[in-house]
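Notebook open, structure loading. Here is what I looked up, entry by entry.

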Amino acid sequence: MPFYQQWLARGFHGEMDYLQRHLTVKSDPRRLLPSAQSVIVVALDYNRPSPKRMGYPRISRYALGRDYHKVLRSKLKKLAAEIPGQTRACVDSAPVLERDYAQKAGIGWFGKNTCLIDSKRGSWFFLGVLLTSERFEPDAPAVGGCGTCRRCIDACPTGAIVFEGERWQVDARRCISYLTIEHRREISAELEAGIGDWTFGCDVCQEVCPFNEIRATQPLRAGMAHEADIVQDRVWPTLTELAEMSESEWDVLTRGSAVRRAGWQGLRRNALINLRQARSEPTAGM
């Protein structure tokens, strides 16, 4: 929690004021479930092919299928039915420090890009939390590190991964995921150039991570998702169609999708940025 407070104090959360408001609740899971004795953390793979398509929106892999909040909550409720006592299911929309609990539960350690990384599996996974009044023997915390690797730092198009307070952090105000999803206002020309063809979210820091590279000695790394709701295909319109989409059309398009979080105006703004950046790219061979 002290690091999280420092991150907020630096303003790295941008316009996500709800993070500050939820600070007191996040400090103790018993504020969500007064009888809580244990925190169970689960992970679900979401990696899937995500080829670029000229003229179409580029969406972070986690948002290509059904809204993961719905998928994880459904699974957590099934798990809760097997546990006596009181429970409360939480995904990242709830005021709980799920990544911190996941590290303490042994699921992964924090990389320089602040993603949770499993040395054997990589970082392409969702996290879900189940608070329970039952007492369980805790697992050992995950241990690991990036060493001297700085691929994610060097690859970040907007330089959002910064070294502050003696550790690597993400300044959300420069992060493409934040800018295309949470940020509601106009975006500077400098940051627009970094956003490039990303319409919703960004996968760059995970795509370049060595722990997400397939290796014969680590067969679980970069494994593909198998959950039907995660790998389902959704038909997306062209960027031009997206930029001109009415609110009612947006409403139908984004139902049951995490992309809905960007909002109608935000998604149109992002599509326009993509179109402008595509026009500004130098022609091959020139």
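How many residues lie between β7 and β8 in their hairpin? I found 2 residues between β7 and β8, and Gly165 in the turn has a positive phi of about 60°.

Before going on, I noted that this is a predicted model, where local features need pLDDT of at least 70, side-chain atom pairs count only at pLDDT 80 or more, and totals for chains, interfaces and linings use all residues. Numbering runs from 1 along each chain as its sequence is written, and side-chain values use heavy atoms, with hydrogens and water left out.

Strands here are DSSP runs (E, at least two residues), numbered from the N terminus, and two of them pair if DSSP finds at least two bridges between them. I saw Ile161 opposite Val170 in β8.

Next I looked for aromatic pairs (ring centres of Phe, Tyr or the six-membered ring of Trp within 6.5 Å; planes under 30 degrees apart are stacked, over 60 edge-to-face, the rest tilted). The whole structure has 8 of them. Tyr46 and Trp124 have ring centres 5.9 Å apart and planes at 90°, so I wrote them down as edge-to-face. Tyr46 is in the loop between β1 and β2 and Trp124 in the loop between β5 and β6, so their pair ties together parts 78 residues apart in sequence.

Are these two buried or exposed? Tyr46 is buried (under 20% relative accessible area; exposed is over 50%, partly exposed in between; 1.4 Å probe, protein chains only), at 6%. Trp124 is buried too, at 5%.

Notes
Helix = DSSP H or I, 4+ residues; strand = E, 2+ residues; numbered from the N terminus.
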